[in-house]
Amino acid sequence: MINENNLQEFNTLISSPKTIALIPHRNPDGDAIGSTLGLCLILKALGHQAFVISPNDFPNFLQWMPYSNEIIVYEHNKEKAVKLLHSADAVFALDFNILARTGDEFEQVLNVLKAPFVMIDHHQMPGDFAKITFSDTSFGSTCELVYTIIDKLGYTDHISKDAATCLYTGIVTDSGSFRFPKTTANTHRAVASLIEKGINNPYIHNALFDNNSYNRLQLMGRALERIVVMSDKKSSYLHLNHHDLNEFQHQKGDTDGFVNYGLSIKGVDLTAFFIERRDENLIKISFRSSGNFDVNLLARKYFEGGGHINAAGGKSHLSLQDTIKRFTEIVENHKNEFYV
């Protein structure tokens with residue numbers, strides 16, 4: 001439920017022209033880029049100077065999105081990004097709820113800003129860094145939450161075709177093309193309104209899901225041949241190592257969605273996908289589950305991560321082999337602790 005006091009405070013904040021920075025989390029996905037770009041375009045239509053600053057690069061499969069070429073990437077242009085952030089009257093944090101999700105270095109930049117923060121997010125266990133917080137886990141995506149806020153304020157006339165395209169993209173990606181449990185009647189009402197803005201939804205789906213490179217398909221094949229099923233524990237896992245990524249010239253976003261194949265196996269309600277990232281000196285982990293198995297709790301307790309009940313992420317500083325061993329031991333000995 002959206003708090004009416006927060007809604008009015010937010011409305012007051014954006015009622016007069018301001019300079020507003022919008023930031024997604026590190027390694028942004030479709031919902032993070034969609035919500036920041038979408039809201040940025042709406043704010044521009046309302047007369048604000050608004051810009052998006054991403055902590056690092058976003059995936060190639062999102063670079064077709066309207067105005068994505070105007071995103072300032074902090075890791076590539078630190079001086080400009082810091083200058084712009086310090087010029088902002090307000091900073092909007094979208095699709096994350098603790099500043100640590102922006103990365104260690106970028107978090108330090110954000111910590112010294114004087115401007116008030118606005119948080120718009122749908123993940124569990126939010127932090128308290130924002131002056132105005134919209135945090136609602138009942139929403140399947142931050143983009144749907146953004147649309148709902150704009151709708152409640154009566155600003156939907158300021159949603160252009162480009163802004164609608166961005167918001168639709170985030171809803172599609174975070175809802176698993178409308179198949180995940182948090183897809184509601186309100187989700188479809190929001191989508192209907194966005195389609196009425198003139199978006200080309202078949203094109204969006206094609207750009208997101210049907211534009212594979214040869215190397216991405218080879219990476220997928222490598223990951224799929226490595227699926228291990230722990231039948232007695234209704235669990236599975238798959239992995240890619242550093243050599244796999246190099247062999248098939250891995251690009252950001254190439255492995256998105258691979259984890260879902262582990263969950264698609266009959267009888268499996270928990271899966272994990274491990275990626276060895278030597279450039280970051282860690283193992284990146286994606287978790288997916290079905291039903292009442294809470295991967296958010298699993299990721300938070302054991303793998304320095306978090307997310308949603310059925311989709312979460314984490315990391316490990318052990319070797320790939322030792323990380324997988326740790327996961328299997330947790331599943332063998334503690335899996336029952338995470339059914340809610």
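Mentor: Let us begin with Ala21, which stands opposite Phe51 in strand 2. Please bear in mind that this is a predicted model.

Trainee: What makes strand 1 and strand 2 a pair?

Mentor: Two strands pair if at least two bridges are found between them. Strand 1 (residues 19-23) and strand 2 (residues 49-54) have four bridges, in the parallel sense, so by the requirement of at least two bridges they count as paired.

Trainee: Which strand does strand 1 also join, and over how many bridges?

Mentor: Strand 1 is joined to strand 4 by four bridges, and the two run parallel. Within this pairing, Leu22 has Phe92 of strand 4 as its bridge partner. Strand 4 in turn pairs with strand 5 (residues 117-121), again in the parallel sense and over four bridges; there Ala93 stands opposite Met119.

Trainee: In what order do the strands of this sheet lie?

Mentor: The order is 3-2-1-4-5-6, an open sheet of six strands with parallel pairing. Its edge strands are strand 3 (72-73) and strand 6 (132-135).

Trainee: Why are strand 3 and strand 6 called edge strands?

Mentor: Each of them pairs on one side only.

Trainee: Why is strand 4 described as largely enclosed by the rest of the structure?

Mentor: A residue is buried when its relative accessible area is under 20%. In strand 4 (residues 90-94), five of the five residues are buried, and therefore the strand is largely enclosed. Both faces are involved: Ala90, Phe92 and Leu94 point one way, Val91 and Ala93 point the other way, and all are buried.

Trainee: What is the order of the strands in the other open sheet, and what is its pairing?

Mentor: Six strands form that open sheet in the order 7-8-9-10-12-11, and the pairing is mixed. Strand 7 (228-230) and strand 11 (306-307) are its edge strands, since each pairs on one side only. One of its pairings is antiparallel: strand 9 (residues 270-277) and strand 10 (residues 282-289) are linked over eight bridges. Here Arg277 has Leu282 in strand 10 as its bridge partner.

Trainee: Why is Thr328 counted as buried?

Mentor: The limit is under 20% relative accessible area. Thr328 has 18% relative accessibility, so it counts as buried. Thr328 belongs to helix 13 (residues 320-334), and it touches Met230 and Tyr237, leaving aside residues up to four places away in sequence.

Trainee: What share of the contacts joins residues 24 or more positions apart?

Mentor: Such residues account for 68% of the contacts with a separation of 6 or more. Overall, the chain has 13 helices and 12 strands.

Definitions and conventions. Residues numbered from 1 in each chain as written. Predicted model: local features only at pLDDT ≥ 70, side-chain atom pairs only at ≥ 80, totals over all residues. Heavy atoms only, no water. Contact = heavy atoms within 4.5 Å. Buried < 20%, exposed > 50% of the residue type's maximum accessible area, 1.4 Å probe, protein only.
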